[in-house]
Amino acid sequence: MLSYHISFESPWYLTLLALVPLLWWWSFRSLAALGRGRRLTAILLRSVVLVLLILAMAEVRMVRLSDRLTVIYLLDQSLSIPAQRRRAMIEYVNGAIRKHRKNKDRVGVIVFGRDAAIEIPPFDDDVQMAPMIESLLDPGYTNLAGAMKLAQASFPEDAAKRIVILSDGNENLGDAAEQGRGLSASGVGVDVMPIRYSDRAEVIVERLVMPADVRRGQPFDLKAVLTNTTQPTAERTGTVKGRWVLSQLVGDRSVVLGEEQVSLPPGKKVFSIRQQIDNPDFYTYEARFIPDRPEDDAMPQNNRATAFTHIRGRGRVLVIEDYENRGQFDQFVRALGRQNLEVTVQPSNQLFASLAELQPFDTVVLADVPRSTNQQVSFTDSQIEMLVRNTQQMGAGLVMLGGPNSFGAGGWTNTELEKAMPVDFQIKSAKVVPTGALMLVIDASSSMTGQKIEMSKAAAIAAVRVLGPRDYVGVVAFNSTARWVVRIRPARSPGAIARRIARLSASGGTNLHPGLMQGYTALSRVEAAVKHMIVLTDGQTHGSDYPALARQIRGKNITISSVAVGTDAAVPLLEAIAAGGGGKFYRVTNPRALPRIFMKEARRVARPLVYESKVGIRPQVKYPHEMIGRIDSFPPINGFVLTSRKDNPLVEVALVSPKPVGERNCTILAGWTYGLGKTVAFTSDTGARWTTQWTNWKNYDKLFGQIVRWSMRPVDRSGKFAVATDVEGGRVRVVVTALDKDDEFLNFLNITATAVGPDLKPVDLRMSQTAPGRYVGDFPADNSGSYFILISPGAGQAPIRTGVSVPYSDEFRDREANEALLSELARMIPKGGSAGLVIEAPEGSQTIEPLLAVNTFRHDLPKATSSQDVWYYLVLVAGCLFFFDVFVRRVQVGFAWVPALVGRVRGRRKQPAQTETIERLQSRKAEVTDQLDQLRAGARFETPSETTTDVEIPTGRPAAKPAITPEEKPEEDSYTERLLRAKKQVWKNRKS
């Protein structure tokens, strides 16, 4: 199955092999002195080193060929394919694997919709798919190109590659043809199985057409385009009967404008209706088709289309007031009306529900409205975010008017709204210390387990976040005993306090007295202008005489409010505690109301944020802002809410109060630009409590009219801007054509734009100039619904508001298979292989057996190759051989030492015989020495005679030593014998 050969990345380096003969010729001459053997060895090593280096320079690679095949099936799981066809795909894949996969071939499965996912990775086994797809996909779109790209990345390297596409070919994302050309260039084969739709009835509401921008009172036409894709037959005409309904949506209200019974023949039909709108606003229109018989319409998702328009008018203002104190801003509203502004008043218990409801208004005014009004109504985090987005992203104005229930005193601290205002709602000056202290006494008995304790913790955390950094907070939990959850401390770290509260758990009995006393003792030791305690419990408690204890605590300037949770709570007792403590009593049956109650009660502690003066304070002009243009002096006021001016150069403070000392905290009127819009903070009221002397002031209307107009979106334009939007391929394209007043193109404008999706999240929209006076941008429209777009043409130009309604996905528009695309993919010839096949079943076939006749595991693709660089191994070997080449040439190795080494080895083996010879020689030497001594002694006393003795001693010379004849003479003198003879010769020379 596998075979190997070598290849070269840079084969032209192989021409250097011609240097090998030259190397031999030169080496024979230069190495002649080495001798024949050494010279041939050196030349051979040099030649091998040179050849290895040349092969390494040519980047030799080891290439492996494999006849394995990997087949990956791509299954279209988009909603345009009926469910029964998607199940049939799985059945076909399992049958093809069982029938055609052989040997070590691999198989994998990828499913796709908007994105692609690997259902089964490539595996060399007869794997079978489960009846249901396990991967999570968005079936609202078809991205065939994405699935092909994922398949290409998933193929193993050591096998031929083929993908089998099972789809209707109706892609609405990506470019499958372009991706297919890349696959064929890399040798990947493509087979396709077109998924055709059976003849069935289908009605599509193609689109609803209307002008995107209409003047007030200007008539316009609404046109709905409906298409009936049913094919007529001999048995039926294909006509579908039903009703088409046209509705107008304003905010969350829907008004039916027209309803008509219609009969739709096959093909397109256009319905039109005349409209005229007198009230400026953003309007969304919806056209729907409702068939009389559900079987006449296979997919209801494409029976609805929407359109979007903006009716222009004069400046509009939304005033939101506290529903518990309605009417206190009526004079302010009338003043704006006299300034030619359209004003809509909305109570805080009927708040807006979507960003679309805010679009008709150029400015939103929060008129002394608290964040939480009572236990049923409050501004949610989502509504606060809408207010901020409406200013930051859509360019509307936002004005906050003062009062005892606004800014920090109204519970707006630590919200997104505070970030948008030019002032902070917390006091940061050390000279002004209006601190408050809040103690939360919470029942943590076993009856509070579950939702009660969780909502109690959420309520406590919400109350902590209302407080400022100089306010004190403490949390006591009680069951049979009392324990600290948060010891009383400044609320500088609400996050850390919240984490402690979140660890609270419920268990044990109920005894309020220890918790009440522990909270009272801690509050009495704190120096604060306002001290307040909230007691929460859900049942009967041990102990008595609580009302008297509450009155005693009230005598220490500590107020108490009580909250009874559940139907079995001690209502009379808790009412008496609240009455004796000077607070409020709340009875709660739904624990979800607890956070709002706690937030409202926490505002009692924030009351020191209000500064009041009975003698009156005259505001002083800090900066001649256009909001107070041509107004030199102001009547006195009797109070305002303390805030802290933001440390930002964009903040413009127009009016300040001389008291209390500390200009940073005494802002009366300030404004700044926030994002694309403007926000204003007026910390006093408009005449109900603190500015009573202003109601008859001649500049009253002028002042508040200028404040509101400064914050509004500008309406005067020196140029002409036409905006067009288009939705295609899941993206919205925005085109702006800019002309000046002389109809000349406006070029090089710094146009910025922003879009807000249906989920209120901003969408990145960048505009760039593509032609004279033409600016283009686009953004992804992943969700259907209304997208609001605000375009800022640049400095001195008014922002342009528009929008676009994104209908259902194109997935529900195409009702026929795109066989042209699928055939084009199959006709592509992979490099080194043959074109793919179109897998089709005979007409009328209801089984998968005819489809299995095509072998998707056929081996008609080029064998897969995988290669590995080996040149670095050759360099390593060449380096080692070069060392031996140098060794052979520089070091002469002789072999004369071999016999000596052998002799030494043999001599060591005869050590016992050598020791015996030495002992005999020593003994013989001693005998000879004794004989010589005897001869010398005898010669000293005997008279010389003529008789010749055996031993003759010459005169004047020492007598010669007798020859020593060994008993055995070895055949060859050993080293020891030669040493002995040398020693004797030395003695002999010394005596002579």
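Leaving aside neighbours within four places in sequence, which residues is Leu440 in contact with? The views below come from a predicted model, in which local features need pLDDT of at least 70, side-chain atom pairs count only at pLDDT 80 or more, and totals for chains, interfaces and linings use all residues. Residues are numbered from 1 along each chain as its sequence is written, and side-chain values use heavy atoms, with hydrogens and water left out.

**View A. Contacts of Leu440.** Leu440 is in contact with Ala460, Gly474, Val475, Val476, Ile534 and Phe598, its neighbours within four places in sequence set aside. Contact means heavy atoms within 4.5 Å.

**View B. The largest nonpolar core.** A nonpolar core is a set of buried Ala, Val, Leu, Ile, Met, Phe, Trp, Tyr and Cys residues joined through side-chain atoms within 4.5 Å. Buried means under 20% relative accessible area (1.4 Å probe, protein chains only). The largest core has 39 residues. Leu438, Leu440, Ile501, Leu536, Val563, Leu594 and Phe598 touch the most other members. Helix 9 (residues 451-466) gives the largest share of this core, 9 residues. Another core, of 38 residues, lies apart from it; Phe332, Ile617, Phe634 and Val708 are among its members.

**View C. The buried face of helix 12.** Helices (H or I, at least four residues) and strands (E, at least two) are DSSP runs, numbered from the N terminus. In helix 12 (residues 546-554), the buried residues are Tyr546, Leu549, Ala550 and Ile553. Seen down the helix axis, they fall within an arc of 100°, so they line one face of helix 12. The arc is that of the directions from the helix axis to the C-beta atoms. An α-helix has 3.6 residues a turn, so residues three or four places apart point the same way. The cover over the buried residues of helix 12 includes helix 11 (512-524), strand 25 (558-565) and helix 13 (571-581).

**View D. The second largest cavity.** A cavity is a set of points on a 1 Å grid over the protein atoms alone where a 1.4 Å probe fits but cannot get out; lining residues have an atom within 4 Å of a point. Grid points are joined across faces, edges and corners, and a volume is the space filled by probe spheres set on the points. The second largest cavity has a volume of about 30 Å³. Its lining consists of Gly180, Ser184, Val188, Gly189, Val190, Leu825, Met828 and Pro830. Helix 5 (176-185) and strand 7 (188-194) are the elements that give two or more residues to this lining.

**View E. Ser10 in its loop.** Ser10 lies between strand 1 (2-8) and helix 1 (19-30), in the loop. Ser10 is buried, with a relative accessible area of 7%. Not counting residues up to four places away in sequence, Ser10 touches Met57, Ala58 and Glu59.

Technical notes: 1 Å grid on protein atoms, 1.4 Å probe; cavity = no way out; pocket = protein on both sides within 12 Å on 5 of 7 lines; lining within 4 Å. Buried < 20%, exposed > 50% of the residue type's maximum accessible area, 1.4 Å probe, protein only.
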